[in-house]
Structure formats: C-alpha cells, structure tokens
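Please read the points below alongside the display.

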Amino acid sequence: LNPWDVMLCVSGTAIACENALVVAIICYSPALRTPMFVLVGSLATADLLAGLGLILNFVFQYVIRSETVSLLTVGFLVASFAASVSSLLAITVDRYLSLYNALTYYSERTVLCVHTMLAGAWGVSLCLGLLPVLGWNCLHDPAACSVVRPLTKSNVTLLSASFFLIFLIMLHLYIEICKIVCRHAHQIALQQHFLTASHYVATKKGVSTLAIILGTFGASWLPFAIYCVVGDPDYPSVYTYATLLPATYNSMINPIIYAYRNQEIQRSMWVLLCGCFQAKVSFRSRSPSDV
C-alpha cells in the first residue's frame, strides 16, 4: 500500500463524516432553510461527495483495477471538488450582497439569486467532471498526461485557471467586504463621536475572520493549482501527493469555518444528537455577515 493513498483515504473518511453531519443537521432542521444555510448545505454536500470520492478512489485502486472505473472516479472527484470551490465562491458572493444590499437582502430576489448561483455552480462542476470521462484523458496518449493521471495537461491547466479566477474574485469580494465593515464602524464612530472598544474589537475580529477564511482557502489549494501548471508528469509522484493532500484538508476545515461555528447549527446539532433542546426551539434569523 502506498502510504500517501492511505492518508488520502483517511482524509476522505474524516471529510465524509464531518460533512455528513452538517448535511443531516440542515436537512433535519426546518428552521435552517434560509439562503445562507442552503449555500452551507451545498458546500457540505460537495465536500461530502469529495470525501466519498477519495474513499472510492482508494478502494477501486487496490481492489478493482479498471480504466473505466478510474475515469469515473477521477471525474467524480473533479466534479466534487469543483462544486466545493464554486460553493465557496457562492457563499462569498452571498456575504457581500448581505452587506452591500442589506435592506433588500431578505427578499424573494435573494432566494432566486442563490438558487441560480447554485444551479450554475453545480452545472459547471458536473461538466468539468464529465470532460475526462467523455474522452479528455491521456489513457491512449501517455505523452499528454499531466501530474494527475489520467487527466491531460490541458485539462489540469483549465482547472487551475478556473481556480485562480475564483480565488481572485473571492479576494476582491473579501477586500470589498472589509471596506464595508470598516466604513460601518467609522459611521458608528461619527454618530457616537468615538469608536468604542467593543466596536473596535468586533471590527478587528470580523476582518481577522475574513483573512483566516481566505488564507485557509489559498494555503490549501494554491500549492496544488500551481504545481498542476508548472509540474511535469516525469517528476516523482510524491510532489503530487504532497500538494494534493493539503488541498483535501480544505474540505475538512470548511465545516468548522462555515457550519460548526454557527449558533443555529450548534443548537440543531444538539437537538439531532442528544435531544437536549425541544424540537420547536426558536431561531434568530441571521445574515451571512454575522457568520
């Protein structure tokens, strides 16, 4: 057994367990039907599928050796991770809109916007996952292989370019969110003639949280995306594993950042697991900017 494959399988198991709980909580709790939690549920579903894909890839690699199965597994993983990254972008857009259009955020238009973003994200992700299955692979042309077999160099270049674009959009949106947060704090300071310690701490905490979110995302995926572009299939496979494994950790960290820190999900989790609260507990509606 390749120890790197074992670590990927263990990572996939942890990812699947974490996100399965988030999906169960959101499906179980009728109160978690707001656009914000729909997006979190989409992210958890994508990460759950990615975790299952890592497990299946390990099983089929050592139990059932087949080119067809290998293509299906790789396509499944590409679609799942693409949906995860796309869901992160959708959450970022939703957070930006909740601050930029705070007065009209709670409307049918927001629900339509969220559903449209999710439909587009999952549709594009499915298409990206189908590309290697439909023939964009290097099974019959080893010279065209990339550092991620059986994906071709042009295929991974497309995936990496898509990631870089999404990362830049998220970076721009989070910078705009920080500007809005700082502007709101400045307006409060003008109204109260000074910026209180609590407002300063809240603003600093909000900006720090955004930096951690974006930093975690970039640190997880950037090494793998860059290596896919500059790497050569003749390089030792350990380089591919060493950059791919941290990328999977992003799907492990996502539930902690976007789900388990949320008070409503924490309360629903106790209801689901322990029955510590009554099912008809009251929930305070919160916007994505509060999370």
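Helix α4 (residues 108-133) is the element that gives the most to a nonpolar surface patch, supplying three residues. The patch consists of Leu72, Leu126, Leu130, Val133 and Leu134, which together have about 460 Å² of accessible area. This is a predicted model, in which local features need pLDDT of at least 70 and side-chain atom pairs count only at pLDDT 80 or more, whereas totals for chains, interfaces and linings use all residues. Residues are numbered from 1 along each chain as its sequence is written, and side-chain values use heavy atoms, with hydrogens and water left out.

- Patches are made of residues with over 30% relative accessible area and no salt bridge; like charges are joined within 9 Å, and nonpolar side chains (Val, Leu, Ile, Met, Phe, Trp, Tyr) within 5 Å.
- Accessible areas come from the Shrake-Rupley method with a 1.4 Å probe, and for residues only the protein chains shown count as cover.
- Leu126, one of the patch residues, lies in helix α4.
- Trp122 is also placed in helix α4, and is partly exposed at a relative accessible area of 28%; buried means under 20% relative accessible area, exposed over 50%, and partly exposed in between (1.4 Å probe, protein chains only).
- Not counting residues up to four places away in sequence, Trp122 touches Ser42, Thr45, Ala46, Leu49, Ala83 and Ser87; a contact means heavy atoms within 4.5 Å.
- Trp122 and Ala82 are 40 residues apart in sequence, and their C-alpha atoms are 8.3 Å apart in space.

**Overall architecture**

- The protein chain has eight helices and zero strands; helices (H or I, at least four residues) and strands (E, at least two) are DSSP runs, numbered from the N terminus.
- Of the 291 residues in the protein chain, 45% are buried.
- Among contacts between residues at least 6 apart in sequence, 75% join residues at least 24 apart.
- The accessible surface of the protein chain comes to about 14800 Å², and carbon and sulfur atoms account for 69% of that surface.

**Helix α3**

- Helix α3 (residues 67-100) has 34 residues and reaches 49 Å from its first C-alpha to its last, close to the 50 Å expected at 1.5 Å a residue; the expected span is 1.5 Å times one less than the number of residues.
- Helix α3 is mostly covered, with 26 of its 34 residues buried.

**Salt bridge and cis peptide**

- A search of the whole structure finds one salt bridge, defined as a side-chain nitrogen of Lys or Arg within 4 Å of a carboxyl oxygen of Asp or Glu.
- Lys179 forms a salt bridge with Glu176, and the closest N and O atoms are 3.7 Å apart.
- Both Lys179 and Glu176 lie in helix α5 (residues 153-192), three residues apart, about one turn of the helix.
- An α-helix has 3.6 residues a turn, so residues three or four places apart point the same way.
- Lys179 is partly exposed, at 47% relative accessible area.
- The peptide bond joining Arg149 and Pro150 is cis, with omega about 5 degrees, and Pro150 is placed in the loop between α4 and α5.
- Most peptide bonds are trans.

**Selected residues in other helices**

- Ser11 is found in helix α1 and is buried, with a relative accessible area of 3%.
- Leaving aside neighbours within four places in sequence, Ser11 is in contact with Leu245, Thr248, Tyr249 and Met252.
- Arg267, in helix α8 (residues 263-273), counts as partly exposed at 29% relative accessibility.
- The C-alpha atoms of Arg267 and Ser29 are separated by 10.0 Å, although these residues are 238 apart along the chain.
- Ile226 is found in helix α6 and is partly exposed, with a relative accessible area of 43%.

**Confidence**

- The mean pLDDT of the protein chain is 84, and 86% of its residues reach 70 or more; pLDDT is the predictor's confidence in each residue, from 0 to 100.
- Confidence is lowest in helix α6 (residues 197-230), at a mean of 78, and highest in helix α1 (residues 3-28), at 93.
- Over residues 277-285 the pLDDT is below 50, and this stretch has twelve contacts in the model beyond near neighbours in sequence.
- Where pLDDT is low, the predicted coordinates should not be read in detail.
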